[in-house]
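Welcome! Please take a moment to look over the sequence and the model shown here, and then read on for a short tour.

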Amino acid sequence: MKTYMKEKIDTFRQEHKNRARLLINCPDQPGIVAAVSQFLYEHNANIIESNQYSTDPDRGEFFMRIEFEIPELKSQIKNLEEEFQAIRKQFDMEATFKYVDQLKKVAIFVSKEPPHCLLELLWEWQSGDMIADIGLVISNHETSREIVESLGIPYYYIPANKDIREQVEQKQIELLREYNVDLIILARYMQILTPHFVGTFKNQIINIHHSFLPAFIGAKPYERAYNRGVKLIGATSHYVTNDLDEGPIIEQDISRVDHRDNAEAMKKIGQSVERSVLARAVKWHLDDRIIVYGNKTIVF
(Lines give C-alpha, C1' and ligand atoms only; values in the text may rest on other atoms or scores of the structure.)
Protein backbone atom coordinates (compact mmCIF):
# COMPACT_ATOMS: atom_id res chain seq x y z
CA MET A 1 0.00 0.00 0.00
CA LYS A 2 2.83 2.39 0.82
CA THR A 3 4.33 1.96 -2.68
CA TYR A 4 0.90 2.39 -4.29
CA MET A 5 0.24 5.65 -2.44
CA LYS A 6 3.75 6.93 -3.18
CA GLU A 7 3.18 6.40 -6.89
CA LYS A 8 -0.20 8.16 -6.70
CA ILE A 9 1.29 11.13 -4.83
CA ASP A 10 4.26 11.35 -7.20
CA THR A 11 1.87 11.41 -10.17
CA PHE A 12 -0.20 14.18 -8.56
CA ARG A 13 2.91 16.25 -7.89
CA GLN A 14 4.12 15.88 -11.45
CA GLU A 15 0.73 16.82 -12.91
CA HIS A 16 0.45 19.90 -10.67
CA LYS A 17 4.05 21.10 -10.60
CA ASN A 18 3.12 24.35 -12.37
CA ARG A 19 -0.03 25.09 -10.38
CA ALA A 20 -0.38 27.55 -7.48
CA ARG A 21 -3.05 29.26 -5.40
CA LEU A 22 -3.19 32.80 -4.12
CA LEU A 23 -5.25 33.63 -1.00
CA ILE A 24 -6.02 37.29 -0.35
CA ASN A 25 -7.62 39.25 2.49
CA CYS A 26 -7.67 43.05 2.60
CA PRO A 27 -9.95 46.09 3.07
CA ASP A 28 -12.44 46.23 0.21
CA GLN A 29 -11.64 48.92 -2.38
CA PRO A 30 -11.79 49.40 -6.15
CA GLY A 31 -9.17 47.81 -8.39
CA ILE A 32 -8.14 44.72 -6.43
CA VAL A 33 -9.35 42.12 -8.93
CA ALA A 34 -8.01 44.10 -11.88
CA ALA A 35 -4.58 44.53 -10.30
CA VAL A 36 -4.23 40.87 -9.35
CA SER A 37 -5.49 39.62 -12.71
CA GLN A 38 -3.16 41.95 -14.60
CA PHE A 39 -0.22 40.83 -12.47
CA LEU A 40 -0.91 37.16 -13.23
CA TYR A 41 -1.38 37.94 -16.93
CA GLU A 42 1.99 39.68 -17.02
CA HIS A 43 3.55 36.55 -15.54
CA ASN A 44 2.01 34.33 -18.22
CA ALA A 45 -0.44 32.72 -15.81
CA ASN A 46 -3.55 30.86 -16.87
CA ILE A 47 -6.29 31.30 -14.25
CA ILE A 48 -8.00 27.97 -13.52
CA GLU A 49 -10.43 29.13 -10.84
CA SER A 50 -11.24 32.47 -9.21
CA ASN A 51 -13.55 33.21 -6.25
CA GLN A 52 -14.11 36.40 -4.32
CA TYR A 53 -16.28 37.72 -1.52
CA SER A 54 -16.84 41.08 0.14
CA THR A 55 -18.49 41.53 3.52
CA ASP A 56 -19.62 45.04 2.52
CA PRO A 57 -18.64 46.80 -0.74
CA ASP A 58 -18.49 50.20 1.01
CA ARG A 59 -16.35 49.53 4.06
CA GLY A 60 -15.98 45.79 4.46
CA GLU A 61 -13.30 43.15 4.04
CA PHE A 62 -12.44 41.56 0.72
CA PHE A 63 -11.44 37.90 0.28
CA MET A 64 -10.16 36.16 -2.83
CA ARG A 65 -8.83 32.77 -3.89
CA ILE A 66 -7.25 32.28 -7.30
CA GLU A 67 -5.83 29.03 -8.65
CA PHE A 68 -3.54 29.37 -11.67
CA GLU A 69 -0.82 27.72 -13.74
CA ILE A 70 2.45 29.20 -14.95
CA PRO A 71 4.86 27.31 -17.23
CA GLU A 72 8.08 26.39 -15.40
CA LEU A 73 6.61 27.74 -12.17
CA LYS A 74 9.40 26.56 -9.88
CA SER A 75 11.97 28.76 -11.57
CA GLN A 76 9.72 31.80 -11.13
CA ILE A 77 8.55 31.45 -7.51
CA LYS A 78 11.06 33.88 -6.00
CA ASN A 79 10.42 36.64 -8.56
CA LEU A 80 6.66 36.05 -8.44
CA GLU A 81 6.47 36.60 -4.70
CA GLU A 82 8.92 39.51 -4.65
CA GLU A 83 7.15 41.38 -7.45
CA PHE A 84 3.75 40.85 -5.83
CA GLN A 85 4.91 42.89 -2.83
CA ALA A 86 3.97 46.12 -4.61
CA ILE A 87 0.32 45.02 -4.92
CA ARG A 88 0.34 43.72 -1.36
CA LYS A 89 1.49 47.14 -0.11
CA GLN A 90 -0.85 49.12 -2.37
CA PHE A 91 -3.97 47.42 -1.04
CA ASP A 92 -2.78 46.73 2.55
CA MET A 93 -3.20 43.08 1.71
CA GLU A 94 -2.60 39.80 3.49
CA ALA A 95 -1.66 37.46 0.66
CA THR A 96 -0.25 33.94 0.61
CA PHE A 97 0.98 31.87 -2.32
CA LYS A 98 0.41 28.11 -2.02
CA TYR A 99 2.07 25.66 -4.38
CA VAL A 100 -0.11 22.67 -5.18
CA ASP A 101 2.66 20.09 -5.57
CA GLN A 102 3.92 20.88 -2.07
CA LEU A 103 1.54 18.49 -0.31
CA LYS A 104 0.63 19.22 3.27
CA LYS A 105 2.01 16.81 5.86
CA VAL A 106 -0.79 15.53 8.08
CA ALA A 107 -0.93 14.00 11.56
CA ILE A 108 -4.10 12.29 12.78
CA PHE A 109 -4.88 12.07 16.50
CA VAL A 110 -7.27 9.34 17.67
CA SER A 111 -8.47 7.78 20.93
CA LYS A 112 -10.32 4.57 21.84
CA GLU A 113 -13.64 5.62 20.32
CA PRO A 114 -14.92 3.58 17.36
CA PRO A 115 -12.52 4.73 14.61
CA HIS A 116 -15.20 5.85 12.14
CA CYS A 117 -13.59 9.23 11.49
CA LEU A 118 -10.11 7.75 11.14
CA LEU A 119 -11.40 5.10 8.73
CA GLU A 120 -13.17 7.73 6.62
CA LEU A 121 -10.00 9.80 6.32
CA LEU A 122 -7.91 6.75 5.40
CA TRP A 123 -10.48 5.71 2.79
CA GLU A 124 -10.53 9.20 1.25
CA TRP A 125 -6.72 9.13 1.20
CA GLN A 126 -6.50 5.63 -0.34
CA SER A 127 -9.06 6.50 -3.02
CA GLY A 128 -7.14 9.61 -4.03
CA ASP A 129 -9.98 11.94 -3.05
CA MET A 130 -7.92 13.44 -0.23
CA ILE A 131 -4.46 14.40 -1.50
CA ALA A 132 -2.09 14.71 1.44
CA ASP A 133 1.00 13.17 2.96
CA ILE A 134 -0.22 11.37 6.09
CA GLY A 135 2.96 11.34 8.11
CA LEU A 136 1.80 9.64 11.32
CA VAL A 137 -1.06 8.75 13.63
CA ILE A 138 -0.83 9.52 17.35
CA SER A 139 -3.12 7.89 19.90
CA ASN A 140 -3.54 7.46 23.63
CA HIS A 141 -4.75 3.91 22.96
CA GLU A 142 -3.48 0.97 20.92
CA THR A 143 -6.90 0.28 19.38
CA SER A 144 -6.19 1.47 15.83
CA ARG A 145 -2.57 0.39 15.44
CA GLU A 146 -3.23 -2.57 13.14
CA ILE A 147 -5.47 -0.54 10.83
CA VAL A 148 -2.93 2.25 10.49
CA GLU A 149 0.26 0.23 10.20
CA SER A 150 -1.29 -2.03 7.54
CA LEU A 151 -1.18 1.06 5.30
CA GLY A 152 2.46 1.78 6.03
CA ILE A 153 1.70 4.78 8.26
CA PRO A 154 3.70 5.13 11.52
CA TYR A 155 1.59 4.76 14.68
CA TYR A 156 2.66 6.28 17.98
CA TYR A 157 1.04 5.22 21.23
CA ILE A 158 1.39 7.91 23.90
CA PRO A 159 -0.76 7.35 27.02
CA ALA A 160 -2.45 10.57 28.09
CA ASN A 161 -4.54 11.94 30.91
CA LYS A 162 -5.03 15.29 32.62
CA ASP A 163 -2.30 14.61 35.20
CA ILE A 164 0.50 14.23 32.62
CA ARG A 165 -0.91 16.44 29.87
CA GLU A 166 2.10 18.76 29.52
CA GLN A 167 4.63 15.91 29.32
CA VAL A 168 2.46 14.12 26.75
CA GLU A 169 2.10 17.20 24.60
CA GLN A 170 5.84 17.82 24.67
CA LYS A 171 6.39 14.35 23.18
CA GLN A 172 3.66 15.01 20.63
CA ILE A 173 5.15 18.36 19.61
CA GLU A 174 8.57 16.76 19.17
CA LEU A 175 7.05 14.15 16.84
CA LEU A 176 5.06 16.75 14.90
CA ARG A 177 8.19 18.82 14.34
CA GLU A 178 10.20 15.74 13.38
CA TYR A 179 7.62 14.96 10.69
CA ASN A 180 7.25 18.63 9.63
CA VAL A 181 3.49 18.45 10.13
CA ASP A 182 1.33 21.18 8.56
CA LEU A 183 -2.09 19.97 9.72
CA ILE A 184 -3.33 18.10 12.80
CA ILE A 185 -6.67 16.31 12.55
CA LEU A 186 -8.46 15.38 15.77
CA ALA A 187 -10.45 12.36 14.58
CA ARG A 188 -12.38 11.98 17.85
CA TYR A 189 -9.29 12.51 20.01
CA MET A 190 -10.83 12.69 23.46
CA GLN A 191 -8.26 14.84 25.25
CA ILE A 192 -8.36 18.58 25.91
CA LEU A 193 -5.35 20.41 24.44
CA THR A 194 -3.41 22.99 26.45
CA PRO A 195 -3.14 26.65 25.38
CA HIS A 196 0.55 26.07 24.63
CA PHE A 197 -0.22 23.25 22.18
CA VAL A 198 -3.03 25.17 20.50
CA GLY A 199 -0.89 28.30 20.22
CA THR A 200 1.96 26.34 18.68
CA PHE A 201 -0.30 25.20 15.83
CA LYS A 202 -2.67 28.14 15.32
CA ASN A 203 -5.29 27.42 12.63
CA GLN A 204 -3.55 24.08 11.97
CA ILE A 205 -5.75 21.86 14.17
CA ILE A 206 -9.12 20.66 12.85
CA ASN A 207 -11.56 18.99 15.23
CA ILE A 208 -14.82 17.13 14.71
CA HIS A 209 -17.43 17.82 17.39
CA HIS A 210 -20.32 15.39 17.60
CA SER A 211 -22.92 18.12 17.82
CA PHE A 212 -24.31 20.93 15.69
CA LEU A 213 -22.50 23.72 17.51
CA PRO A 214 -23.19 25.91 19.39
CA ALA A 215 -25.68 23.36 20.78
CA PHE A 216 -24.40 20.80 23.28
CA ILE A 217 -20.83 21.99 23.70
CA GLY A 218 -18.58 19.60 25.63
CA ALA A 219 -19.06 15.96 26.57
CA LYS A 220 -21.91 13.51 25.89
CA PRO A 221 -23.86 15.62 23.38
CA TYR A 222 -25.97 12.71 22.10
CA GLU A 223 -27.22 11.88 25.59
CA ARG A 224 -28.02 15.54 26.17
CA ALA A 225 -29.69 15.84 22.76
CA TYR A 226 -31.85 12.80 23.52
CA ASN A 227 -32.87 14.22 26.89
CA ARG A 228 -33.78 17.50 25.20
CA GLY A 229 -35.95 15.71 22.63
CA VAL A 230 -34.29 17.21 19.56
CA LYS A 231 -35.51 16.39 16.04
CA LEU A 232 -32.21 17.16 14.33
CA ILE A 233 -28.71 16.08 15.28
CA GLY A 234 -25.54 17.15 13.58
CA ALA A 235 -21.78 17.48 13.60
CA THR A 236 -19.41 20.42 13.37
CA SER A 237 -15.85 20.59 12.14
CA HIS A 238 -13.88 23.59 13.34
CA TYR A 239 -10.41 24.93 13.98
CA VAL A 240 -9.32 24.46 17.57
CA THR A 241 -8.87 27.47 19.84
CA ASN A 242 -8.46 27.79 23.59
CA ASP A 243 -12.22 28.29 23.94
CA LEU A 244 -13.62 24.76 24.08
CA ASP A 245 -15.59 23.91 20.91
CA GLU A 246 -15.85 27.59 19.96
CA GLY A 247 -13.19 27.89 17.24
CA PRO A 248 -13.91 29.05 13.67
CA ILE A 249 -16.47 26.69 12.10
CA ILE A 250 -15.51 25.12 8.78
CA GLU A 251 -18.39 22.75 8.01
CA GLN A 252 -21.62 21.43 9.56
CA ASP A 253 -24.35 18.99 8.63
CA ILE A 254 -27.45 17.43 10.16
CA SER A 255 -29.67 14.36 10.08
CA ARG A 256 -33.26 13.99 11.24
CA VAL A 257 -34.19 11.91 14.29
CA ASP A 258 -37.44 11.40 16.17
CA HIS A 259 -38.94 10.08 19.42
CA ARG A 260 -38.17 6.47 18.45
CA ASP A 261 -34.39 7.13 18.47
CA ASN A 262 -32.73 6.67 21.85
CA ALA A 263 -29.30 8.12 22.68
CA GLU A 264 -27.47 5.11 21.20
CA ALA A 265 -29.44 5.29 17.95
CA MET A 266 -28.72 9.02 17.73
CA LYS A 267 -25.03 8.29 18.23
CA LYS A 268 -24.98 5.84 15.32
CA ILE A 269 -26.78 8.29 13.06
CA GLY A 270 -24.49 11.07 14.20
CA GLN A 271 -21.33 9.10 13.48
CA SER A 272 -22.25 8.96 9.81
CA VAL A 273 -22.62 12.74 9.79
CA GLU A 274 -19.34 13.19 11.67
CA ARG A 275 -17.38 11.22 9.06
CA SER A 276 -18.54 13.25 6.09
CA VAL A 277 -18.32 16.63 7.83
CA LEU A 278 -14.73 16.03 8.98
CA ALA A 279 -13.63 14.73 5.57
CA ARG A 280 -15.04 17.77 3.77
CA ALA A 281 -13.43 20.21 6.18
CA VAL A 282 -10.04 18.52 5.87
CA LYS A 283 -10.18 18.46 2.08
CA TRP A 284 -11.09 22.14 1.94
CA HIS A 285 -8.11 22.95 4.15
CA LEU A 286 -5.80 20.83 2.00
CA ASP A 287 -7.10 22.58 -1.11
CA ASP A 288 -6.45 26.02 0.43
CA ARG A 289 -10.14 26.93 0.26
CA ILE A 290 -10.39 28.39 3.77
CA ILE A 291 -9.51 31.87 4.97
CA VAL A 292 -9.84 32.41 8.73
CA TYR A 293 -11.20 35.85 9.61
CA GLY A 294 -11.61 36.50 13.32
CA ASN A 295 -13.64 33.61 14.68
CA LYS A 296 -15.25 32.86 11.31
CA THR A 297 -14.14 31.21 8.09
CA ILE A 298 -14.57 32.13 4.44
CA VAL A 299 -14.79 28.84 2.51
CA PHE A 300 -14.45 29.04 -1.28
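## Before we start

A residue is called buried when its relative accessible area is under 20%, exposed when it is over 50%, and partly exposed in between, using a 1.4 Å probe and protein chains only. By that rule Phe 63 is buried, because its relative accessible area is 0%.

This is a predicted model, in which local features need pLDDT of at least 70 and side-chain atom pairs count only at pLDDT 80 or more, while totals for chains, interfaces and linings use all residues. Residues are numbered from 1 along each chain as its sequence is written, and side-chain values use heavy atoms, leaving out hydrogens and water.

## The sheet of four strands

Helices (H or I, at least four residues) and strands (E, at least two) are DSSP runs, numbered from the N terminus. Two strands pair if DSSP finds at least two bridges between them. With that in hand, meet an open sheet of 4 strands, ordered E2-E3-E1-E4 with antiparallel pairing. E2 and strand E4 (94-99) are at its edges with a single partner strand each, so one side of each has no neighbour in the sheet. On average, neighbouring strands here are turned by 10 degrees against each other, direction ignored; axes are lines fitted to C-alpha atoms, for helices over the stretch in contact, and angles run from 0 to 180 degrees between N-to-C directions.

Strand E1 (residues 19-27) pairs with E3 over 9 bridges in the antiparallel sense, and Leu 23 has Arg 65 in E3 as its bridge partner. Helix H2 lies across E1, E2 and E3, at about 20 degrees to E3, where contact means heavy atoms within 4.5 Å.

## Aromatic pairs

Rings of Phe, Tyr and Trp (its six-membered ring) pair if their centres lie within 6.5 Å; planes under 30 degrees apart count as stacked, over 60 as edge-to-face and the rest as tilted. The count comes to 9 aromatic pairs by this rule. In one of them, the rings of Phe 39 and Phe 84 have centres 5.1 Å apart and planes at 70 degrees, so this pair is edge-to-face. Phe 39 belongs to helix H2 (residues 32-42) and Phe 84 to the loop between helix H3 (77-83) and helix H4 (85-90), so the pair ties together parts 45 residues apart in sequence. Phe 39 counts as buried at 5% relative accessibility, and Phe 84 is buried too, at 0%.

Tyr 53 and Phe 63 form a stacked pair, 6.2 Å centre to centre with 20 degrees between the planes. Tyr 53 lies in strand E2 (residues 46-54) and Phe 63 in strand E3 (residues 61-69), so parts 10 residues apart in sequence are tied together. Tyr 53 is partly exposed, with a relative accessible area of 38%. Phe 39, Phe 68, Phe 84 and Phe 97 form one aromatic cluster.

## The sheet of seven strands

Another open sheet has 7 strands in the order E7-E6-E5-E8-E9-E10-E11, with mixed pairing. Its edge strands, E7 (155-157) and E11 (249-256), each pair on one side only. Strand E9 (residues 205-209) is joined by 4 bridges to strand E10 (residues 232-239), and the two run antiparallel. Within E10, His 238 stands opposite Asn 207.

Helix H10 (residues 263-286) lies across E5, E8, E9, E10 and E11, running at about 155 degrees to E11.
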